[in-house]
Amino acid sequence: MSAVLDSHGHAVGDHGHDHHGAPHGWRRWVYATNHKDIGTLYMLFAFTMLMIGGVLALLIRAELFQPGLQLVNPELFNQLTTMHGLIMVFGAIMPAFVGFANWMIPLQIGASDMAFARMNNFSFWLMIPAAAMLAGSFFMPGGAPAAGWTLYAPLTLQMGPSMDAGIFAMHILGASSIMGSINIIVTILNMRAPGMTLMKMPMFVWTWLITAYLLIAVMPVLAGAITMTLTDRHFGTTFFNPAGGGDPIMYQHIFWFFGHPEVYIMILPAFGIISHIVPAFARKKLFGYASMVYATSSIAILSFIVWAHHMYATGMPVTGQLFFMYATMLISVPTGVKVFNWIATMWKGSMTFETPMLFAVGFIFVFTMGGFTGLILSMAPIDIQVQDTYYVVAHFHYVLVAGSLFAMFAGFYYWCPKWTGVMYNETRGKIHFWWTLISFNVTFFPMHFLGLAGMPRRYADYPMQFADFNALASVGAFFFGFAQVYFFLFVVVPAMRGNGVKASAKPWEAAEGLEWEVPSPAPFHTFENPPKLDATATRVIG
Amino acid sequence: MKNNLLQKVASGLLFAAAWASTAAWAVNDLPGGPGVRQLNLQAGATKIAQEQGWLHWFMLIICTVIFVAVFGVMFYSIWKHRKSVGHKPASFHESVKVEIAWTVIPFVIVILMALPATKAVVAQKDTSNADLTIKATGYQWKWGYDYLKGQGEGIAFISTLDNAQREMSNNGAKGVDLDDYLLKVDNPLVVPVNKKIRIITTANDVIHAFAVPSLGVKQDAIPGFVRDTWFRAEAVGNYYGQCQELCGKEHAYMPIHVKVLSAEDYSAWVADQQKKMAALQDDPSKVWTLEDITKRGEKVYAANCAACHQPNGKGAGPIKPLDGAAVVLDADKTKQIKVLLNGQNNLAMPSWKQLSDTDIAAVITYTKNNWSNKTGQLVQPADVKAAR
């Protein structure tokens, strides 16, 4: 039986008479206050949204398989691209990382649960109506929002009522994120086991602490931007409406002041996960722990002063372009430090390549390609050529799919024994990895060529010269999509059902951290009394 | 075995892609536009575009070298430092020297990259001393071009996608093998070669973007605001671009076609355009008959005057009647011409000098010969011109 589905998981720690096993039936999930249950809920929710967003992506790719309009009309096409972006960013990537945080942060810092257990429940269940409203907007009059996931004014002013539903959904998702962040920050700062100083915290905890601060800083900015859009639409204000003297470019400044830190919100926790997996499978301590922490902090701070590199084509003054170009190029320095640290960790190690390590190495390799295209995009003169083309689409899929998503797969395989109590099927894990890696590159690598050659993004139809690479990308996309269905049906579901070799408390030879000090599957309640830690704060000594 | 599998997958994908795109095989590279299966930026026809192409190569080479070096180390490590080959883990986990080195060296590399980029940014933002200034206005979903300053000043037209191509798109583009599919417009933007062309962008509804890759320009067209960019094409020919900011459902269907002509051909084109525009305009020296000009005047009156003076010419409240008014009936027609050109009563009656000479002459003639006014006077455009 696994902790995920176990209705009365208990082992060590289940000694207090006022603590019971997990509640039964639907109440266990609807009234959930246990961080592990809520973590599971977040991840199942995120995977559902990944599938919905994936179906939209495949519809887009099917339409673009050949030139000409075959399946959808241009109105619906714009709805698909918009909703694919919104659902993947706000419904899949962000909640999935919150799920990882819920499961792992208390286990990694030796806390019994999250600081605000009921707020934790609330921030999860808020997402359900928001997601339903977002996905359901396809069935509203005029269809779903079609102004792109960036929701640029004044195009948003032309949208139908679904735009309001979309804005409301984003407000709710934002509120949920802010509550989740407060919870994470309070948990990390107040509930660490005695002896775990800040500079002894696991990297995943560090990256989430910084991410949570980023979220609290920028989610209200997004809320402000979309609220102004809402009042422009209905209450006669003209913040962004040029017809009344408003400034559409001001919207972009506000949006990207949110949007750029948001990019790091979606990648920093991934860095944290990789920083656990590489040392575990290289059988060697993480190289440069302190510089990892400083690099993560530098990236977070720099992320606030680079936003207008998304706006080179709006016609900024020379000094503005130069400032944002220099600041953006600077981000490559701390990002490079991280990659060097991971490789130095592997150097002279004793490596094995189980699926978590494969995904981690895949992450480092392919994410770095996305990093380099980011550096190329940061140069304003080149960006003038490729801004709003498929080159940008390729770039951010390299960092968001090969980055965030690969890191989450790596994290799933790494912690799956702890969550479910059984080892995943290694052969299937390897199939999933190679299938995903190859189809990912077949899908997105040709998009670099399309973008350089000048194919604009968000186009329902395109000149004939672009046909071959589009066909190739579409074929790759379907392979990629089916790989994830395979992952769920043949890796996740069997593990959740407890089919597999029983996992020991520490199934990975050289894994470090408090999560490996509790049995597998992790009991419903862990660390009810603060554990006594050794000097490195990685082992419980009593 | 793994390699075999990889090869099979790869060849399968290529086969599928090739099969899918048989329709596109007949398509050729489009000079000044995209090429078939093109891998890099379009060939630059301006200094700026060539500079961008150079910068891209510069960055691509540096990045590739770093990438190969860094991942060479990683794959070497993966090959040599495996448990399966019996490698025992070392125990080092920090080195201040190394960590400082790999912070400082990338920093220096980034500065070296920034230098040529800075030069290019300054050059591409310098829109001063243009030979020809053209305003490009984005509409949902077409482009409007107004020649504001320089040779051809005053020329204005709208440029839209060829309607037949829009239809082909709706029909699934079956069997279409046009090199300029979705790029053909009715009226291309025509400019002279080797002249600095400044493009001022704005928009009528939502944000669009004026972009022509081979000329190295991309500038958002923002409603309520004006921005500018420039190019100096070095060769005659056709250059193609497309709107590059999501602007609604027909976003993919508002291409840009820039036709660069030699100086002589451009002059000829301008002369031709001006002739066509003149033909559409009234000849101010034309001598009209009373009947024709009264008919014309009735329309001008309905469009501009009737709101205040009423269709029956009686006025209302403080608005003076025209029917039977002394100025209208006066034998000296210059009196009424002056009123229309300059206004009256502190501009309670505004000035109408923005109307053409013909329109003013027509509306005065109409008021002098309508309702109970039967003066029989005829005002010619030349009279108005003389009075301006």
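1. A residue counts as buried if 20 or more other C-beta atoms lie within 10 Å of its own, as exposed if 12 or fewer do, and as partly exposed in between, with C-beta atoms placed from the backbone. Val190(B) is therefore buried, having 21 other C-beta atoms within 10 Å.

2. The model is predicted: local features need pLDDT of at least 70, side-chain atom pairs count only at pLDDT 80 or more, and totals for chains, interfaces and linings use all residues. Residues are numbered from 1 along each chain as its sequence is written, while chains are lettered from A and ligands numbered from 1 in the order in which they are written.

3. Val190(B) belongs to strand E4 (residues 189-192) of chain B; helices (H or I, at least four residues) and strands (E, at least two) are DSSP runs, numbered from the N terminus. Leaving aside residues up to four places away in sequence, Val190(B) touches Lys259(B), Leu261(B), Tyr266(B) and Trp269(B). Contact requires C-beta atoms, placed from the backbone, within 7 Å.

4. Four bridges join E4(B) to strand E10 (residues 255-261) of chain B, and the two run parallel. Pairing requires at least two DSSP bridges between two strands. In this pair, Leu189(B) stands opposite Val258(B) in E10(B). The open sheet has three strands in the order E4-E10-E9 (chain B), with mixed pairing.

5. Between the chains, 92 residues of chain B are in contact with 86 residues of chain A. On the side of chain B that touches chain A, H3(B) gives the most, with 14 residues.

Methods
Contact = placed C-beta atoms within 7 Å.
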